Amino acid sequence: MNKASEYLQSADSVESLEITRLVDLMISDAIESGASDIHIEPWDASLVVRIRLNGVLQELLHLPVELMEKVGGRLKVMANLVSYEMDRPQEGHAQTGQEMGGVELRMSFFPVVRGNHQGGVLRGEKIVIRIFDPNRRSFNLDDLGFEAPTLDTMKQLLSKPSGMILFTGPTGSGKTTAIYAALTHLVEKHGPAISISTVEDPVEYNLPMISQAQIHHAKEFTYPVALRSLMRQDPQVIMVGEIRDAETANIAVQAGLTGHLVISTIHSGSTAGVFARMINMKIEPFLLASSVIGVLGLRLIRTTCPYCAQPYQPEVSYQKLIPDTLLEEASLRNGGGCEHCAGTGFSGQASVTEMLEVDETMREAIMDKLPTRKLQDIAIERGMKTLWQAGIERVIRGETPLEEIIRSIPTDK
Ligand SMILES: [Zn+2]
């Protein structure tokens, strides 16, 4: 049982509870479990506290609803906000003490109303606390759920002294986490012998032994400005948060050609589509072909809860998406929902990947400005497994239901 619940049960009465202590215990329970967010909101008869673990909300505890104003008030005091104000949204942040790791808490308060069980109207608020733990958040390439061949190729690419590695995928596909894990891998491998600099918008986590710079548009500290200066800082590895304009693309490609390992993200409909996108940004195909050494396409999927996983049959029209030969040997499973997964049937998350390695054949194809579809075909001929294929393999192994793959990954055809 968590400490906040223990404290709640040990109290003789609601009045005897120390709110400061209760709130601290809730926050420390959330941090210790590795949660990313805390949600506090009034439900029918209680103030429910939930935490988001691996992307899924789970109940931490239920508090007597009469504690709502006190709990909200205490959090607002921590965040230096107007503690009695409940009628309009407020936002603020606080830092926990060192005993809780000096974690940053970003709080958001939003007024809500609901009818209570006595027929009156309850005025309250929904409070969401985002937890940013710069110390404990670990970024490990091995823990992202990459397919084994992708992991091997990525480590190989990261061992090269120069060239450009691009990550692509929609918002929420795990690009930032993957990039931070790649940088952490380099730090762990080389220690203080390597110079790594980043330019980001925003800097989401502070990484040890890496110089991170935050873009500031109002001060004209843009990606191109930052990158140009950075080139004079003798970095071996440069991480560019996102390539979204021709100037940034140009400097990044040049950096990759001149003895730097460049790691960045770029928005593109598909992994092979990254090249057309760069050519649209006025990058010469021969420079692109020589600079880019690999492109990783990513999607994040939810994985089936191990506690309530059970055999299941997807509906017939969906089953057709799995090749017959694979279906025969498949052990399809989904989660029925249980207390471990808050009834969702899912517990963790994993990255499904599509690793396009630029070899000699691919380089020629890029220089020839072949269309995206053709580049994709060549990559597949050279052994690239598509996101869809990788996703279906997870389904066959019972790691996630077919519906989750259909929801999150575009089909190959
Ligand atoms: Zn479950």
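This is a predicted model: local features need pLDDT of at least 70, side-chain atom pairs count only at pLDDT 80 or more; totals for chains, interfaces and linings use all residues.
A residue is called buried when its relative accessible area is under 20%, and exposed when that value is over 50%.

**First stop: the zinc ion**

Select C341 to begin. Its relative accessible area is 0%, which lies under the 20% limit, so C341 is buried. Next select C338, where the relative accessible area is 16%; this is also under 20%, and C338 therefore counts as buried.

Now display the zinc ion together with its donors. Which residues coordinate the zinc ion? The SG atoms of C305, C308, C338 and C341 do so, at 2.3 to 2.4 Å. Along the chain, these donors follow the spacing C-x2-C-x29-C-x2-C. If the viewer can show angles, examine those among the four donor atoms: they run from 106 to 113°, and the site of the zinc ion is tetrahedral.

The structure holds zero disulfides.

**Second stop: the second largest pocket**

Rolling a probe the size of a water molecule over the atoms shows where empty space is left. In the second largest pocket, this space amounts to about 340 Å³. Its lining is made by 19 residues, and those closest to the centre of the pocket are P149, M355, G383, M384 and K385.

Then colour three elements: α4 (148-158), β15 (346-357) and α14 (387-396), each of which supplies at least two residues of the lining. Which element gives the most to this lining? It is β15, with five residues. Colouring the lining by class shows eight nonpolar, four polar and seven charged residues.

Move to A79, which sits in the loop between α3 (68-78) and β4 (90-95). Is A79 buried or exposed? Its relative accessible area is 6%, a value under 20%, so A79 is buried.

N80 is exposed because its relative accessible area of 70% is over 50%.

The backbone of N80 also deserves attention. Most residues other than glycine have a negative phi, and most peptide bonds are trans. The phi of N80, however, is positive, near 55°.

Go on to K282, in the loop between α8 (273-280) and α9 (285-291). K282 is not a glycine, yet it has a positive phi of about 65°. Its relative accessibility is 71%, which is over 50%, and K282 therefore counts as exposed.

**Last stop: D201 and P202**

Finally, select D201 and P202. What is the form of the peptide bond from D201 to P202? This bond is cis, with omega near 0°. P202 lies in the loop between β8 (196-200) and β9 (211-214).

How values were computed. Residues are numbered from 1 along each chain as its sequence is written. Side-chain values use heavy atoms; hydrogens and water are left out. A disulfide is a pair of cysteine sulfur atoms within 2.5 Å. Buried means under 20% relative accessible area, exposed over 50%, partly exposed in between (1.4 Å probe, protein chains only). On a 1 Å grid over the protein atoms alone, a cavity is a set of points where a 1.4 Å probe fits but cannot get out, and a pocket is an open set with protein on both sides within 12 Å along at least five of seven lines; lining residues have an atom within 4 Å of a point. Grid points are joined across faces, edges and corners, and a volume is the space filled by probe spheres set on the points. Helices (H or I, at least four residues) and strands (E, at least two) are DSSP runs, numbered from the N terminus. Ala, Val, Leu, Ile, Met, Phe, Trp, Tyr, Cys and Pro count as nonpolar, Asp, Glu, Lys and Arg as charged, and the others, Gly among them, as polar. Donors are N, O and S atoms within 2.8 Å of the metal (3.2 Å for Na, K and Ca); water is not among the atoms, so sites may look incomplete. Four donors count as tetrahedral if all angles lie between 85 and 135 degrees; four count as square planar and six as octahedral if opposite donors are over 155 degrees apart and all others between 65 and 115; anything else is irregular.
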